Amino acid sequence: MTEVVTNGHHVTHGAAPPPTGFRRFLVAGWLRVPWMMALFFAIGLGLVLLLRSIAGWDPLWEWDTIVVVAFLTTMPLGFLAGLGAFDYWVYYALGYPSRPEDHSGHGARSWKDYFRVNTDHKVIGVQYLSTTFFFFVIGGLLAMLVRAELAQPGMQFTDNQGYNGAFSTHATLMIFLFVIPAFAGLANYVVPLMLGAPDMAFPRLNALSYWLLPIAGLMLVASFFAPGGAPAAGWTNYASLSTHQPMGVLFFNMAVQWAGASSVMTALNFLVTIITMRAPGMTFWRMPLLVWANFTTSLLVVLATPFIAGSQFFVMFDNVMHTHFFDWNAGGYVLGYQHIFWFYSHPAVYIMMLPGFGIISEVISVMARKPIFGYRLMALSLLAILVLGFSVWAHHMFVSGMASYLRVPMMITTLLIAVPTGIKVFSWCATLWEGKLHFNTPMLWALGFVSMFTIGGLSGVYLGAVPIDIHVSDTAFIVAHIHYVLFSGAFFTIMAGAYYWFPKMTGRMYDERLGKIHFWTTFVAFNCTFFPMHLIGTQGMPRRVADYVPKFADWNLFISISSFVLGASIIVFFYNMITSWRYGPPAPGNPWRALTLEWQVTSPPPVFNFDEIPQVVGSPYEYGVPGARHALLNGARTGQLEEVQR
Amino acid sequence: MRRGAIVQLLLFAAVAGVIATIMALYPHWLPPTASEQADRIGYVFWYVTIICAAIFSLVAAILIYSIVKFRAAPGDDSDGQSIHGHTGLEIAWTAVPFALVTSMGIFSAVVLARNDRTGNNPLRVDITAQQFAWSFKYPQHNDLATTVLRLPVDRTVRFRLRALDVIHSFWVPEFAQKQDAVPGIDTFVTITPNKKGVFPIICTELCGLGHAAMRSTVIVMSQQAWSKWVKSASKAAGGGGGANAGRTVFDQNGCGSCHTFKPANSAGKVGPDLDKLSEEAQRAGKPLEEFVRESIVDPNAYVEKGYPANVMPPTFKSLPKEQLDSLVQFLISGSGGAK
């Protein structure tokens, strides 16, 4: 690993001269994208028409099939091919001499490099984060539409199709296009740096997994323009409602496949990177907890994601090919959908939180100037959540009519998950004890997370107890719980990470005052929005309804107004990030005086991260321990290593 | 540890505990219960609430205490104490939550078992759910059918649920019991109403565009009043037919939850207004009777402007012929079919 060519920080040698004339349309890039997309669409269309005419099926132009094959499958492949995501592999597979790696697709020298297939994990990290925030805004606006409709009983702003489409797509975008990939983006940027590695293990795969993401997102947005409107069966897309839906549901089915493929590829990449590319001396017990968290998350992603892929393919086949997976009239099994779906989607809840746990461990330890309390138990509790996470899926199905003997075992495992989660909360609290706390923006988000996540975790204990769950299933209480868990476990932690690593990513400091304003408005508005939902839920307000009885009108109006404040608070964030990126004061390499490796290089880091692979000599959290070092860098290793060993 | 830190911490915890207790007691978290099962669920709810309030107070106290006491002074760049862990504490906060959740699990399992008990002679009620209506049958009383559920107080009811199209879920908040109705399988739920009154029946599983309108009512009445109602209702059903038959079909299939139709006193807004059927038939360019019949059995053949297709369930094509005929007659007569 140490023979990496670094050549200074500006790798410009060997790049071919830019092509001219019509040849510009042949090289990888945005000029090649439109005609490749058209070509691949035509290929898909031709395939469908050819097969249908051979089989003699009527009608020849069957739009559901054409949309699935040509529009949702081959055309996105054309987009990727046009952009050049497959170039290297295609050259290799066809036996062409693969071009020598000149690093021209690695690192960003201008903003245009962020719109290319770039193999630098830092560029990809920023691409991920920008894309996910884009879809976060769309998902947030959909939530605003949902809340506007719910502000009063009756129908005001949209019809039932619009409303169901809005909340379904809100959840789908937030889960598959914001939370999961935003964590992947942060980890993409940080994990190789923390490991002392020059990049991810498979940079080209990394680039491909990013570019699958905008495809999935645009597909979901495009579903609003499909005949019959956006998918309207909830993000859970339960059969047999979803198997009798207009075309929009096909967009959902396929978007989940693209997003799922993206996260599986990234997860594999993380696993290989973490297992094989740790710097010398970086044993598993010396890895920062963020790396541990992404290691566990990646295991979850790799093992669980194929299940949701399967469930969505079955729904799509039932819709398009008229199979009978979930058609009870023909021997299909309606509950089977839920078992397969939740076998992914419960672990997915941990996929959406464990990376956040990692971020919080980093931030709290650094900002409290203390070693993380109970480091090994913190890492082991992640693994405990991983294992238990696969044994609790049916707690989403306590009222579903599944075999009733499944309920008590699933309740026990569900309640037991509170134990490792509790260990983490208590350890974060203990890390604060006798520390020197610095209440800057990342720390505020971290502490906001710990307090709010405690509420979300405890309302999860209510839901774990079957009798209570039976009462509150599918009510606003569930909406409250899921937002306390995921808004804190994912959004708060992503914010903590975004502020914490912003100086590293951009080389600029953000505005601390605006960061605090952002935190406090979000924190207050978040609680005003979601806490009352517990109450109206237990009292009888179901979820996923556009209209409701007048006795909940006052609370709903209050919730809606709070949610608009919550939505508006994100403007402060974007304003802060954009202006600071341009005009903020330059950031030093290590503004937080942190020990982990990403802070030991310049901000932003050089293209290949480290001039010399660091030598890890100790734990990453030895704050307050005199003379303790995490790693030796930049030629310091020969002299100081001996000193440390003595 | 600092002297007095524990005392101060406990003080913070006590304050947080008082606030949490007020939060737990002041709003009415659970609706007034109206079944034995709801009462037992309430016990679990309060047991979990006590434990959760205690744990929340503890965490809140540690956080607030740390924020107040361990704030770094401006310009203080020193590090905190290098505490790496404490085996005793770590064992404690693994073991204590383990014990607490286990106790909740046992309590819940006992309540669950008690709530599923039906006793010797439960009243049996068959629930049929379809987009977007509930209908009920009493198999022990000659399959007496109704769209408003009536139950005697203090008698255990064993419900059997069936769904004709997609998944629905039967919930009466005051009964605190909930059960999905799943196409293709029979599901069951047990409820013992113990208060007289009128309560809403709510569908809580997203079942399509009319989901919010899929509501009905349960009336819990005294045993005598209920027996009387069964007798009179059975007689009325036996002598059925004629003009009332169409109205019965209309009610039992829940047409009114989506459609406005004055003769049936319904005011649903999901689907087109049935008081204007003749104008709609004109727009469709079809004779009224043919149009009405076609709209029931093949709803997508003509879709009224301003309403999306695929909302009206296609299941009504399976209505028995005589029911369909009477429904069509009822709709035509109500919309001034002579015109």
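In what order do the five strands of the open sheet that includes β1 of chain B lie? The order is β3-β2-β1-β5-β8, and the pairing is mixed. Here strands (E, at least two residues) and helices (H or I, at least four residues) are DSSP runs, numbered from the N terminus, and two strands pair if DSSP finds at least two bridges between them. This is a predicted model, in which local features need pLDDT of at least 70 and side-chain atom pairs count only at pLDDT 80 or more, while totals for chains, interfaces and linings use all residues. Residues are numbered from 1 along each chain as its sequence is written, and chains are lettered from A and ligands numbered from 1 in the order in which they are written.

At the edges of this sheet sit β3 (144-146) and β8 (187-191) of chain B, each pairing on one side only. On average, neighbouring strands are turned by 25° against each other, direction ignored; the axes behind that angle are lines fitted to C-alpha atoms, and angles run from 0 to 180 degrees between N-to-C directions. Antiparallel to β8(B) runs β5 (residues 157-163) of chain B, joined to it by five bridges. Within that pair, B:L161 has B:T187 as its bridge partner.

Chain B also holds an open sheet of five strands in the order β4-β10-β9-β6-β7, again with mixed pairing. Since β4 (149-152) and β7 of chain B each have a single partner strand, one side of each is left without a neighbour in the sheet. Strands β9 (residues 197-203) and β10 (residues 215-221) of chain B run antiparallel and share six bridges, with B:I202 standing opposite B:R215.

As for how chain B meets chain A, 71 residues of chain B touch 75 residues of chain A, a contact being two residues whose C-beta atoms, placed from the backbone, lie within 7 Å. On the chain B side, α2 (36-69), α3 (87-116) and β7 (177-181) each give two or more residues. That side has 42 nonpolar, 21 polar and eight charged residues; Ala, Val, Leu, Ile, Met, Phe, Trp, Tyr, Cys and Pro count as nonpolar, Asp, Glu, Lys and Arg as charged, and the others, Gly among them, as polar.

Chain A is assigned domain 1 (18-97), domain 2 (119-583) and domain 3 (597-645), with bounds from an automatic or database domain assignment.
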